[in-house]
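Welcome! Please take a look at the chain below, and then we will walk through its sheet and a pair of its helices.

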Amino acid sequence: MPSSDSTFHEPTFNRAELEVDGVAMVRLLGPGDRLLHTIERQFPLVNVLVRGNRITLSVDPSVEGGPDQLQPALLLVEELIQMIRNGVDLGDTEVTQSAKILREKSGSPADLLSQSILTSRGKTVRPKTLGQKQYVDAIDENTIVFGIGPAGTGKTYLAMAKAVQALQRKEVERIILTRPAVEAGERLGFLPGSLNDKIDPYLRPLYDALNEMMDPEIVPKLLAAGTIEVAPLAYMRGRTLNNAFIVLDEAQNTTPEQMKMFLTRLGFGSKMVVTGDITQVDLPTGASGLQLVTHVLDDMDDIYFSPLTSADVVRHNLVGQIVDAYTKFDAERQRSDYERQNPRKR
């Protein structure tokens, strides 16, 4: 339903109008009317005209399919306006994801994409796609969640945001962030400095995310007090982690033995989130623990596997296209390898 502070006019066969207050209109259009153009791309048969605080949507009734796009386009604009009123900073991702949600009839974008996890230094962290929303909800509802997807899908960032939120709400007593220290084209032993200096580059992305989500002056104090711990995966062996929110990042680079070791660290009052991209395994030999665990634990209660895809990428638009291109290339290479190893009998 239209919001109470905008005036809605029932669409005729080829025209609909919507009045929006000035502030909401500016945020709806975006810099250089960029968001307006994004809306038009979702419904190419709909003409969008903005004059003052009035938006007019129209279609040519003689064009096949045109009238069918009018009402969905109007609904999209109305949902975007409601998202603005909910405090969402609109971008291209929010527009395209809202259109997708409406096409799939998955619910109201204003309801699904307005969930705030936490706010720090004027920046609000929230899921931006339907896949991310399902991932965040799964973290709330399950003890162990696996976020599996390509780069840029927000799997690690959202997991850390949920960890900080849980600490702020006193749902846990500490946060533990860990990664396997596996080389990706570089040799750890050749890095300069002490052991901690050598390990630091592997953990630096976790520190960077923490400083974005919390006051940078508080983070060192929490680290010193042990309230937040950032450590290589090897440091988890032999421990039982109670009352903690534990995030294992880059899990595709764990061995099956390391994955088992990590999961069995789970203690009372704790929650675990495991993130990784099974297409970017840097292990020199052997199987990935993340690949194996999807088969071993796929039917257990209170454990959830949340798949994220290129549709959930919230970095530059090219990132999603790059992910799709590599996925297609890998599938073709696997098919070619299979056909070469299993020639058809003539």
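The chain's secondary structure comes to 12 helices and 12 strands, where helices (H or I, at least four residues) and strands (E, at least two) are DSSP runs, numbered from the N terminus. This is a predicted model: local features need pLDDT of at least 70, side-chain atom pairs count only at pLDDT 80 or more, and totals for chains, interfaces and linings use all residues. Residues are numbered from 1 along each chain as its sequence is written, and side-chain values use heavy atoms, with hydrogens and water left out.

Of the chain's 346 residues, 46% count as buried (under 20% relative accessible area, 1.4 Å probe, protein chains only).

Let's turn to the sheet. Six strands form an open sheet in the order β9-β8-β10-β11-β7-β12, with parallel pairing; strands pair if DSSP finds at least two bridges between them. At the edges are β9 and β12, each pairing on one side only. Five bridges join β7 to β12, and Ile144 has Ile303 of β12 as its bridge partner.

| Strand | Residues |
|---|---|
| β7 | 144-148 |
| β9 | 228-232 |
| β11 | 271-276 |
| β12 | 303-307 |

Helix α11 packs on this sheet, touching β7, β11 and β12 (contact means heavy atoms within 4.5 Å).

Which helix packs with α11 at about 65°? Helix α10 (residues 256-263) does, with the axes 8 Å apart; axes are lines fitted to C-alpha atoms, for helices over the stretch in contact, and angles run from 0 to 180 degrees between N-to-C directions. Pro256, Met259 and Leu263 of α10 meet Gly289, Leu290, Leu292 and Val293 of α11.

Terms used. Buried < 20%, exposed > 50% of the residue type's maximum accessible area, 1.4 Å probe, protein only.
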